[in-house]
Amino acid sequence: MKIDALWFRAHVIKAVRDFFWDRGFLEVETPLLIPANAPEEHINPVITLPSWQLQTSPEICMKRLLCRGHQKLFQISRCWRADERGLRHLSEFTMLEWYRADADYHTLMADCEELLQHVVSSCLPKDRVFRRNSAKIDPFAPWERIRVQEAFSRFGQVSVFDCVKKGLYEEILTTVIEPALSQFDSPVILMDYPAELAALARTKPENRELAERFELYLGGLELANGFSELTDPAEQRSRFEEANRARKASGQIELPLPEPFLKILAALPKSAGIALGIDRLVMLTAGADAIDDVVAFTPEDL
Amino acid sequence: MYTVADLKKGLKITLDGDPYLVVAFDFVKPGKGQALYRTKMRNMINGTLLDRTYRSGETFEPASLEERQMEYLYKEGDHYTFMDQQTYDQVVMEEETLGDAKNYLLENLKVEVMLFGEKAIGISLPNFVNLRVTATEQWAKGDTSGNDSKPATVETGYVLRVPPFIEEGELIVIDTRTGEYSTRVKG
C-alpha cells in the first residue's frame, strides 16, 4: 500500500460526498444483502445465506427509490463480485452510484465533468491533474466524446458489431481500444454501445441497435459506466431471462430475478444512473498503478 | 486441476505436454463484459516465452514437478549423468539443457535436479562451488600494466577472470549465480 493512499481515499470520499450534498442529492443507504441482483451474463454475485446474495451494485434498490418519487440520489457503498481479482479489480470494492429523475445520459456526462473537476481541485489543489502510468490527465481540458462504433473503426479498423457477434469484443476493447484511449490527456467518454452490451439501458429512440450507455475513461482506465434507464418491465424481464439463458449455455448457475423491481419498474420515471469505482478514482488521484495500493488491506493481506 | 481463478505469477502448469511457469498475469474485465485472464509463461524446458489469454471456465493441468537431490557422475559426449544416492535412479541431461551449469559440474557434486515426470529439465547448483585452477599465467612481480585480473582455466574447462595473485593448482570459490571468482580457498 502506498503510505499516503488512505489519506487520498478519505479526501476523495469526502470530496465526492460534499459534491453531491452541495447539489441537493439525497445520500441513501440500501441493503447490501439482497435476494436478487440484476442477472448479468458476466457478473457473479457472492452467494451467502441460502437465497441471499451480496449486492454487485446498489442499482436495483436505488431505482426502486426513484419509483417512490425521489429525484436525485447518491450512495457510496461496498459491492462484491465473485472471482474478480487483478491490478484493477477486487472482489470487494467501493462504488459510487448516483441517479437523477427527468434526466438522460447527457446530464450524467455533465455531472462527471463537474465531479472530477471538484475532486481534483479538493484533493490536489496545486496540480489539479489525475495520474495514470505517469501520464497526466487534465479534467479541465475539453473532454473527448467518442461513439463506440467510431472508436472501434478509428483505433481498430473493425466493426464493433462484428466483434460482439464473434465474441471478440472484450479482446479488442482491452488490447486495442483502451491503449488508444490512454493516449488522451483529457478524460474520454465512450458512448452509444451496441444494445446487447447494455442490459439495463434504454435504446436510442432513433436506432434500436444502440443503447444510451457511456463509459468514462481516464488514461485508459475505465472509471464509470452510466446510462439512460430502461423503464419497460417486459423488455427488462426478457433481457434478464436472456442473461440467464446465456449463463446456462456457458455452464454457469442461473440467477433469481429481482421480482419486486420488475413489478414496480413501470413506475420508474424517465431517469438516468451511473456507477463509478471509488477505488479507481483514488488510484487516479494518488497516481497508484494497482488497486492494491489504495486499500487498507487486500484479501491476500487478511 | 487448476481453473483460471488459480492463475497467478509463479504457478506451474502443463501445456501441450511441456511444463510452463506463469511469469506475468493480469485479470482484465471491461465493464459488464467477459473476464479475460492474460498470462505470459516461460517454457521450463527451452525457456521460450508464450503469451496466452484465457477465459472463464478453462482449466489447466498442474505441472508435476519434483526436485530431487542427486550427485553428478560423469559426462559422455554431450550427455551428463546424475544419480539419486538413495534410490540409485539415474537421469541423463543434455549439455544444452544444462546451459551454464555445466561449467561447475565436478564429479560427485550434489545438485538439485528438477524432474518433469521422468524427464530431468534442469538443475539448481549450490551458490558457491570450489574448483581447482588448472592453467593460468604467472603474475610477474612488479607488473605495472594496471591489469587487476587475468584469465584462468579451472578443472571443468571453464575459463574466468581471477586476481593476478592466483596460481596454478590453487583451489578457488566461484559464485555460480554470476559465474565470477569469489575468493580463494585458504590452506
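Predicted model: local features only at pLDDT ≥ 70, side-chain atom pairs only at ≥ 80, totals over all residues.
Two packed helices are described by the angle between their axes and the distance between the axes.

| Helix pair | Crossing angle | Axis distance |
|---|---|---|
| Helix 1 and helix 9 (residues 278-286) of chain A | about 120° | 9 Å |
| Helix 4 (residues 148-156) and helix 6 of chain A | about 85° | 10 Å |

Helix 1 of chain A also packs against helix 3. The axes of helix 1 (residues 5-22) of chain A and helix 3 (residues 105-123) of chain A cross at roughly 135° and come within 9 Å. Because of this angle, helix 1 of chain A is oblique to helix 3 of chain A. The crossing of helix 1 of chain A with helix 3 of chain A is right-handed. On the side of helix 1 of chain A, the contact is made by F8(A), H11(A), V12(A), A15(A), V16(A) and F19(A). Helix 3 of chain A contributes L115(A), H118(A), V119(A), S122(A) and C123(A). Sorted by class, this contact of helix 1 of chain A with helix 3 of chain A comprises 8 nonpolar, 3 polar and no charged residues.

The packing of helix 1 of chain A against helix 9 of chain A takes place at an angle of about 120°. Helix 1 of chain A is therefore oblique to helix 9 of chain A. This crossing of helix 1 of chain A and helix 9 of chain A is right-handed. From helix 1 of chain A, the residues A5(A), F8(A), R9(A), V12(A) and I13(A) take part. They meet I278(A), L281(A), V282(A), T285(A) and A286(A) in helix 9 of chain A. By class, the contact of helix 1 of chain A with helix 9 of chain A holds 8 nonpolar, 1 polar and 1 charged residues.

How do helix 4 of chain A and helix 6 of chain A lie, roughly parallel or roughly perpendicular to each other? With an angle of about 85° between them, helix 4 of chain A and helix 6 of chain A are therefore roughly perpendicular. Their contact is made by A151(A), F152(A), F155(A) and G156(A) of helix 4 of chain A, together with I172(A), V176(A), I177(A) and A180(A) of helix 6 of chain A. By class, the contact of helix 4 of chain A with helix 6 of chain A has 7 nonpolar, 1 polar and no charged residues.

## Domains and strands of chain B

Chain B is divided into domain 1 (2-62), domain 2 (66-124) and domain 3 (128-184). The C-alpha centres of domain 1 of chain B and domain 2 of chain B lie 29 Å apart.

Strands of a sheet pair through backbone hydrogen bonds, either parallel or antiparallel. Strand 3 (residues 18-28) of chain B is joined to strand 4 (residues 36-43) of chain B by 8 bridges, and the two run antiparallel. Within this part of chain B, V22(B) stands opposite M41(B) in strand 4 of chain B. Strand 4 of chain B also pairs with strand 5 (residues 49-55) of chain B, in the antiparallel sense, over 7 bridges. The bridge partner of T39(B) in strand 5 of chain B is R52(B). The hairpin of strand 4 of chain B and strand 5 of chain B has 5 residues between the strands, and in this hairpin G47(B) takes a positive phi near 80°.

Further along chain B, 5 strands form an open sheet in the order 9-8-7-10-11, with antiparallel pairing. Its edge strands are strand 9 (90-94) and strand 11 (119-124) of chain B, each of which pairs on one side only. The twist averages 45° from one strand to the next. Strand 10 (residues 110-116) of chain B pairs with strand 11 of chain B over 5 bridges, and F116(B) stands opposite K119(B) in strand 11 of chain B.

Another open sheet of 5 strands in chain B has the order 14-13-12-15-16, again with antiparallel pairing. Strand 14 (159-162) and strand 16 (180-184) of chain B each have a single partner strand, so one side of each is left without a neighbour in the sheet. Neighbouring strands of this sheet are turned by 55° against each other on average, direction ignored. Strand 15 (residues 171-175) of chain B is joined to strand 16 of chain B by 4 bridges, and the bridge partner of D175(B) in strand 16 of chain B is E180(B).

Note on methods:
Residues numbered from 1 in each chain as written. Chains lettered and ligands numbered in written order. Domains from an automatic or database assignment. Pairing = 2+ DSSP bridges. Axes fitted to C-alpha atoms, helices over the stretch in contact; angles between N-to-C directions. Parallel < 35°, antiparallel > 145°, perpendicular 65-115°, else oblique. Left-handed = near helix turned anticlockwise from the far one by under 90°. Contact = placed C-beta atoms within 7 Å. Nonpolar A, V, L, I, M, F, W, Y, C, P; charged D, E, K, R; others polar.
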